[in-house]
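Subject: Structure for you to look at

Hi,

Here is the model I promised to pass on. Have a look at it first, then read my notes below.

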Amino acid sequence: WKRKHVYIWEQANGEVPEGHVIMFKDGNPNNFDLENLVCVPSSYCGYVAALGGHRNSDPRLNELKFDWYALKDELSKREKNKTIKNEEMQAEEYKDG
């Protein structure tokens with residue numbers, strides 16, 4: 001079986017990509033309108049939890065929260081890449097002597 005919101009989203013868009021989840025834009029788990037369902041990286045779940053959810057009566061605020069999740073996710077990826085590059089440079093310097 002599949003959760004109802006996932007089933008509805010997949011009927012319109014195909015299978016949910018690996019590493020992604022379907023969330024409710026307005027935070028209302030009873031609003032199954034396709035326009036209310038969004039496919040996002042699973043990393044967003046941590047941001048939602050950190051903010052205590054994203055249910056809000058103001059849809060503009062919910063849209064801003066998803067933009068914030070995307071920005072936070074991108075910054076996290078860049079910081080991780082920066083750390084990896086720094087470690088690679090340090091290893092190269094150590095190897096060179």
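The largest nonpolar core is made of eight residues, M23, V38, V40, Y44, Y47, V48, F66 and Y69. By nonpolar core I mean a set of buried Ala, Val, Leu, Ile, Met, Phe, Trp, Tyr and Cys residues joined through side-chain atoms within 4.5 Å. Buried stands for under 20% relative accessible area, exposed for over 50%, and partly exposed for what lies in between (1.4 Å probe, protein chains only). Strand 2 (37-41), helix 2 (44-50) and helix 3 (59-96) are the elements that give two or more residues to this core. Helix 2 gives the most, with three residues. There is also a second, separate core of six residues, and W9, I22, F24 and L37 are among them. As general background, nonpolar side chains tend to be buried together in soluble globular proteins.

Before you go further, some housekeeping. This is a predicted model, in which local features need pLDDT of at least 70 and side-chain atom pairs count only at pLDDT 80 or more, while totals for chains, interfaces and linings use all residues. Residues are numbered from 1 along each chain as its sequence is written, and side-chain values use heavy atoms, with hydrogens and water left out.

Now the overall picture. The chain has three helices and two strands, in the order α-β-β-α-α from the N terminus. Helices (H or I, at least four residues) and strands (E, at least two) are DSSP runs, numbered from the N terminus. Of the 97 residues in the chain, 24% are buried. The chain exposes about 7,300 Å², and carbon and sulfur atoms supply 52% of that area; accessible areas come from the Shrake-Rupley method with a 1.4 Å probe, and for residues only the protein chains shown count as cover. Among contacts (heavy atoms within 4.5 Å) with a separation of 6 or more, 38% are between residues 24 or more positions apart.

N31 counts as buried because its relative accessibility is 18%. Its side chain makes a polar contact of 2.8 Å with the side chain of D26, and the side chain of N31 also reaches the backbone nitrogen of D33 at 3.2 Å. For polar contacts, the rule is a pair of N or O atoms within 3.5 Å; within protein, one must be able to donate a hydrogen and the other to accept it, and residues adjacent in sequence count only if both atoms are side-chain atoms.

N36 lies in the loop between strand 1 and strand 2 as well, and is buried at 7% relative accessibility. The side chain of N36 reaches the backbone nitrogen of D26 at 2.9 Å. Leaving aside neighbours within four places in sequence, N36 is in contact with M23, F24, K25, D26, N28 and N31.

On to the aromatics. Rings of Phe, Tyr and Trp (its six-membered ring) pair if their centres lie within 6.5 Å; planes under 30 degrees apart count as stacked, over 60 as edge-to-face and the rest as tilted. That rule gives two aromatic pairs. F24 and F32 form an edge-to-face pair, 5.9 Å centre to centre with 70° between the planes. F24 is buried at 11% relative accessible area, whereas F32 is partly exposed at 24%. W68 and Y69 are also edge-to-face, because their planes are at 70°, with ring centres 6.1 Å apart. Here W68 is partly exposed at 37% relative accessibility, and Y69 is buried at 0%.

As for F24, which lies in strand 1, its C-alpha is 8.3 Å from that of H5, 19 residues apart along the chain.

Last stop: S43, in the loop between strand 2 and helix 2. S43 is partly exposed, at 31% relative accessible area, and its side chain joins that of D73 in a polar contact of 2.6 Å.

Cheers
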